[in-house]
Amino acid sequence: MFGLSLKIKTMYMRYGILSLMFCFILNYSNAQTYTEKIQIHRDKYISDFLTDEHSPLSKKDIKHLDFYEIDSAYSVKGNISLTPDAIPFDMATSLGIVKRYVQYAIITFQLHDSTFTLSIYQSMKLREQEEYKDYLFVPFNDNTNYTETYGGGRYLDFRMRDIVDGNINVDFNKVYNPYCAYSGGYACPVPPAENKLNTDIKAGEKNFKKK
């Protein structure tokens, strides 16, 4: 009986050690998941330049793309306030022409111990297309423009399904440049004044490094 009890105790000790090891590995894996997820997103973003027929970049240009280090602190929960009565307006573009948009909602979020808001827009043209009818767009400026990031502002994309229980994840690690950051000839929407963030958003895509 003593020998059997010892075996049982040994078995439980091994089980406990294996459980602790499993929890450690699981926690480590979870800690890595966010970075890996953003890196996969970033890799796809880069590869899409090589398949888009309207791409301003060639294969040799890809090496000049530059990004901030991935930082989960720039992934924040935003509260959504829908604006169903908003009136469509003409959003200016880099070529001087305008594109018709409507404010879909206002996002309120916390970052750097401060509260900020961003307007989220819907293209009046894209909403008529089945593939893009749920596409939402956030162009914005911040204090890194003209120094570390493109002076004309940067963009974030969403889908309506990203809104869950009145909230949306705002991940600035997914911020990207408009095509105008790489080449002329594109009509890139200019962020409205209401989407100027008076803070440094050191996340996502930086200035294009090619001179």
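The side chains of Arg-100 and Asp-90 form a salt bridge, with an N to O distance of 2.9 Å. A salt bridge here is a side-chain nitrogen of Lys or Arg within 4 Å of a carboxyl oxygen of Asp or Glu. The pair joins distant parts of the chain, with Arg-100 in strand S3 (residues 98-111) and Asp-90 in strand S2 (residues 89-92), 10 residues apart. Strands (E, at least two residues) and helices (H or I, at least four) are DSSP runs, numbered from the N terminus. Arg-100 is partly exposed, at 42% relative accessibility. Asp-90 is also partly exposed, at 45%. Buried denotes under 20% relative accessible area, exposed over 50%, and partly exposed the range in between (1.4 Å probe, protein chains only).

The model is predicted; local features need pLDDT of at least 70 and side-chain atom pairs pLDDT 80 or more, whereas totals for chains, interfaces and linings use all residues. Residues are numbered from 1 along each chain as its sequence is written, and side-chain values use heavy atoms, without hydrogens and water.

The chain contains one helix and seven strands. Their order from the N terminus is α-β-β-β-β-β-β-β. Of its 211 residues, 36% are buried. The accessible surface of the chain is about 13,000 Å², and carbon and sulfur atoms supply 57% of that area. These areas come from the Shrake-Rupley method with a 1.4 Å probe; for residues, only the protein chains shown count as cover. Contacts were also examined by sequence separation. A contact means heavy atoms within 4.5 Å. Among contacts between residues at least 6 apart in sequence, 64% join residues at least 24 apart.

Seven salt bridges occur in the structure. One of them pairs Glu-148 with Lys-202, whose closest N and O atoms are 2.8 Å apart. Glu-148 sits in the loop between strand S5 (135-140) and strand S6 (154-159), and Lys-202 in the segment after strand S7 (167-171), so this pair ties together parts 54 residues apart in sequence. Glu-148 is partly exposed, with 30% relative accessibility. Lys-202 is partly exposed at 32%.

Lys-133 and Glu-130 form another salt bridge, with 3.1 Å between the closest N and O atoms. Here Lys-133 is partly exposed, with a relative accessible area of 40%. Glu-130 is exposed, at 60% relative accessibility. Salt bridges also link Asp-134, Arg-159 and Arg-161 in a network.
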